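Reader: Good afternoon. Could you take me through this structure one part at a time?

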Amino acid sequence: MSTQTANAAASKHESMFDAVLARLDVAANLMNLSEDVKTVLKNPIKQVKVSLPVMMDNGKIQVYEGYRVVHSMAIGPSKGGIRYAMDVNQDEVMALAAWMSFKCAVANLPYGGAKGGIKCDPRAMSVGELERLSRAYAKSMKDVFGVNRDIPAPDMGTSGREMAWILDEFNKVTGEDSPGVITGKPIAIGGSLGRDAATGRGVMVNTLAALKKMGLDPKKVSAVVQGFGNVGSHAARLLSEQGIKIVGIGDHTASFYNENGIDIKAALEFAAKNKNTLKGFTGATEIPSNQLLISKCDVLVPAALQNVINVDNASKIQAKLIVEGANGPTMPDADAILNEKKIICVPDILANSGGVTVSYFEWVQNKAGYYWTEDEVNTKHDHKMEIAFESVWNNAERFKTSMRIAAYITALQKIEQAVKLKGAY
Ligand code: NAD
């Protein structure tokens, strides 16, 4: 399904931000969240929309829409990625910002939540155009970003390269050298070892934790991973390193299935030589893209885009466990179907919180000016993820609810405490 189709499906039902609020309401009622705190959390504290004129390679100016939404700063400075994609819009950025507040709270990080984005097609732009666009965005956010205020990171369509440009421009306009103002940076300019693979690593740790609870041996289970970008490719590699047989992979160019298992190392090498895409990979049979999520497997990892698990395909999903690498891959209507089928779903705000966890470690290292080894980062990351998984699992049992609602409850318990202590309403 294309991003556009997925979002059209979403908009038929509700906005993404409404989907967040619907789940917030369910969790709030179960845990008896204070009405005042709920009202505060239903309204992002800051919404910025900017127009970004960029000189294109053909000598003409094109104006792009840029967004930044700060949802909450109850627990600390706001944290959240910057997305470059054609369907970036205010509603989507609001939803992603709220998820960041909940994600940081679930992972027990001292952050609130934010998100940013630019409506553009990065694949259709030259490197020079992307650099000028990233710098224009950084300049326009000089009063929003700050090392103790709002700290961006990469998301869909962005990577360390864009973070380096944004950092450089931000430092130029503010006159400070503040590497911690942005995370997900290349190592040479203050990035953290382990950050690149961290979100995929978190998916792996959460998958192992869930399999253990389900009494399943990782060496006897199969998995399908949708998306072969930062999250999906690292998740597929790390899961296969744990002995899980990856039977399906796919990206926006093609999807593949091999019941005997796909050689992920070969797929990574292929993608690296093929503009990071899978079209033309010969290590498995190509299948229609809409078959990937419903193909036979024990574990399904949607790690590409939102709204891909919906009422049209949820009942056909064969996996016993879903671990959400992407943000918002499951629509609320589909949740009910998955719950009925007793499919366990480790929700995005827990499953993909490994990235922001190591972003937090990067920020801590930048502030201290002292850098950790990759082993130190990974050990601290795995420990934090295991604790987060356990607290969500325990809340699911305590409140007799799904992992998703339990994750919201876990987050809301922490945010409520902070809001009440600060009296921020
Ligand atoms: P990315 O840009 O590196 O990769 C996106 C992948 O999705 C690519 O392989 C792309 O081909 C694929 N894709 C796009 N459209 C598709 C379609 N229609 N069908 C199948 N595949 C499609 O992005 P990413 O950083 O890996 O992010 C993926 C998801 O994970 C997003 O929802 C993002 O918000 C979320 N996420 C990312 C991070 C992170 O650290 N990068 C952290 C938390 C959550």
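**Contacts, cores and sheets**

Author: Leaving out residues up to four places away in sequence, Val346 touches Asn206, Ala210, Leu321, Ile322, Val323, Glu324, Ala351, Phe389 and Met403. Please keep in mind that this is a predicted model.

Reader: Which residues touch the most other members of the largest nonpolar core?

Author: They are Phe102, Ile249 and Val346, in a core of 80 residues. Helix α14 (residues 403-422) supplies the largest share of this core, eleven residues.

Reader: Let us turn to the sheets. What is the order of the strands in the open sheet of seven?

Author: The order is β9-β8-β7-β6-β10-β11-β12, and the pairing is mixed. At the edges stand β9 (285-287) and β12 (344-346); each has a single partner strand, so one side of each is left without a neighbour in the sheet. From one strand to the next, the twist averages 25 degrees.

Reader: In which sense do β11 and β12 pair, parallel or antiparallel?

Author: Strand β11 (residues 321-323) pairs with β12 in the parallel sense, over three bridges. Within this pair, Leu321 stands opposite Ile344 of β12. Leu321 is also one of the residues that Val346 touches.

Reader: What about the open sheet of five strands: what is its order?

Author: That sheet runs β1-β2-β4-β3-β5, with mixed pairing. Its edge strands are β1 (46-55) and β5 (150-154), each of which pairs on one side only. Here the twist averages 20 degrees from one strand to the next.

Reader: Which strands of this sheet does α4 touch?

Author: Helix α4 packs on the sheet and touches β1, β2 (61-72), β3 and β4, and its direction makes about 150 degrees with that of β4. As for the pairing there, β3 (residues 78-85) and β4 (residues 112-119) are parallel over six bridges. The bridge partner of Lys79 in β4 is Gly113.

Reader: At what angle do α2 and α4 pack?

Author: Helix α2 (residues 16-31) and helix α4 (residues 90-106) pack at about 35 degrees, and their axes are 7 Å apart. From α2 the contact uses Met16, Phe17, Val20, Arg23 and Leu24; the residues from α4 include Met94, Trp99 and Phe102. The contact residues divide into ten nonpolar, no polar and three charged.

Reader: One last residue. How exposed is Lys119?

Author: Lys119, which is found in strand β4, is partly exposed, because its relative accessible area of 31% falls between the limits of 20% for buried and 50% for exposed.

Reader: And what is Lys119 in contact with?

Author: Apart from neighbours within four places in sequence, Lys119 is in contact with Tyr64, Glu65, Ala85, Met86 and Val88. Between the C-alpha atoms of Lys119 and Thr282 there are 34 Å, and the two residues are 163 residues apart along the chain.

Terms used. Residues numbered from 1 in each chain as written. Predicted model: local features only at pLDDT ≥ 70, side-chain atom pairs only at ≥ 80, totals over all residues. Heavy atoms only, no water. Axes fitted to C-alpha atoms, helices over the stretch in contact; angles between N-to-C directions. Helix = DSSP H or I, 4+ residues; strand = E, 2+ residues; numbered from the N terminus. Contact = heavy atoms within 4.5 Å. Nonpolar A, V, L, I, M, F, W, Y, C, P; charged D, E, K, R; others polar. Core = buried A, V, L, I, M, F, W, Y, C linked by side-chain atoms within 4.5 Å. Buried < 20%, exposed > 50% of the residue type's maximum accessible area, 1.4 Å probe, protein only. Pairing = 2+ DSSP bridges.
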